[in-house]
Amino acid sequence: MKLALIGATGFVGSALLEEALNRGHQVTALVRHPEKLQPHPALQARKVDVQDSATLAAALAGHDAVLSAYNPGWGEADIREQFLRGSASIVAASKQAGVPRLLVVGGAGSLYVAPGLQLIDTPHFPAEYKEGAEGARQALAALRDEQTLQWTFLSPAALLEPGPRTGQFRIGGEQLLMNGEEPARISVADLAVALLDETEQPQHIRQRFTVAY
């Protein structure tokens, strides 16, 4: 497939890039700093501002799917606003470019821990991640109203960390996956496996899903 990958130099995006290339896909990486990417015969790197929707649409044209690991950066004071602007731009650009499939990696904060209660609204949710998680939650809410794109939103387990690629994990829906009384984990490598599996063989069109061990 011809895949456009947004955020390919980040923690999640770099794992997605490695998994996509290892599976033999052609990848266009749309990033702020193309010089950070290692050359690869199946990789084209392009410098694009995600919030410039017209330029982004031109870069997305001709691809089979858009994979978004967009994150403006946890250190940004206005991360929520940037997240929402960027997410809206990616949706608009994908539609303008005529790319039918959009797969987004979001956060775990909008997963439910009890009926009507999302993780982000619990007392112990880390304050330093709350603004970014709120942006991801609102971006998911906007996606749920999207009727043109075949979108999918992947929320990781509560604990997303470096680790091996096992290819073995549980798949869930709207609820936070647990290991007994503790929140479950997932490696970023296996999160990438889950998203590329979904890209190749869609199971969650216009749905959110989650993965964990």
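Here a residue counts as buried when its relative accessible area is under 20%. All the views below come from a predicted model.

**View 1. Helix α2 and its buried residues.** Let's start with helix α2, which covers residues 53–60. Leu56, Ala57, Ala59 and Leu60 are its buried residues. Looking down the axis of α2, you will find these buried residues within an arc of 160°, so they line one face of the helix. What do the buried residues of α2 pack against? Their partners are the strands β1 (2–6), β2, β3 (43–47) and β4 (65–68), together with α3. Gly62 follows α2, and its phi is positive, near 90°.

View 2. Is Arg101 buried or exposed? Its relative accessible area is 6%, and because the cut-off for buried is under 20%, Arg101 counts as buried. Two polar contacts of its side chain are worth a look. One reaches the side chain of Thr152 at 2.8 Å, and another joins Arg101 to the side chain of Glu198, also with a value of 2.8 Å. Setting aside neighbours within four places in sequence, Arg101 is in contact with Asp64, Ala65 and Val66, with Gln150, Trp151 and Thr152, and with Glu198, Pro202 and Ile205.

**View 3. The largest pocket.** Now for some open space: the largest pocket holds about 1,200 Å³. Its lining is made up of 47 residues, and those nearest the centre are Val12, Asn71, Trp74, Gly106 and Leu160. Which elements supply at least two residues each to this lining? They are α1 (11–22), β2 (26–31), α3 (79–97), α4 (130–144) and β9 (159–161). Sorted by class, the lining of the largest pocket has 28 nonpolar, 15 polar and 4 charged residues.

**View 4. The second largest pocket.** The space in the second largest pocket comes to about 210 Å³. Of the 18 residues that line the second largest pocket, Ser87, Ala88, Val91, Ala139 and Leu143 lie nearest its centre. Two or more lining residues come from each of α3, β5 and α4. The largest share belongs to α3, with 6 residues. In this lining, 14 residues are nonpolar, 3 are polar and 1 is charged.

View 5. Gly107, Gly109, Ser110, Ala133, Ala136, Arg137 and Phe153 line the largest cavity. Helix α4 gives the most to this lining, with 3 residues. By class, the lining of the largest cavity splits into 3 nonpolar, 3 polar and 1 charged.

**View 6. Ser110, one of the residues lining the largest cavity.** Where is Ser110 placed? You can find Ser110 in the loop between β5 and β6 (112–114). With a relative accessible area of 3%, Ser110 is buried. Beyond its neighbours within four places in sequence, Ser110 is in contact with Gln118, Arg137, Leu140, Ser155 and Arg208; Arg137 is also among the residues lining the largest cavity.

Note on methods
Residues numbered from 1 in each chain as written. Predicted model: local features only at pLDDT ≥ 70, side-chain atom pairs only at ≥ 80, totals over all residues. Heavy atoms only, no water. Buried < 20%, exposed > 50% of the residue type's maximum accessible area, 1.4 Å probe, protein only. Polar contact = N/O pair within 3.5 Å; in protein donor to acceptor, adjacent residues only side chain to side chain. Contact = heavy atoms within 4.5 Å. 1 Å grid on protein atoms, 1.4 Å probe; cavity = no way out; pocket = protein on both sides within 12 Å on 5 of 7 lines; lining within 4 Å. Points joined across faces, edges and corners; volume = space filled by probe spheres on them. Helix = DSSP H or I, 4+ residues; strand = E, 2+ residues; numbered from the N terminus. Nonpolar A, V, L, I, M, F, W, Y, C, P; charged D, E, K, R; others polar. Arc of directions from axis to C-beta.
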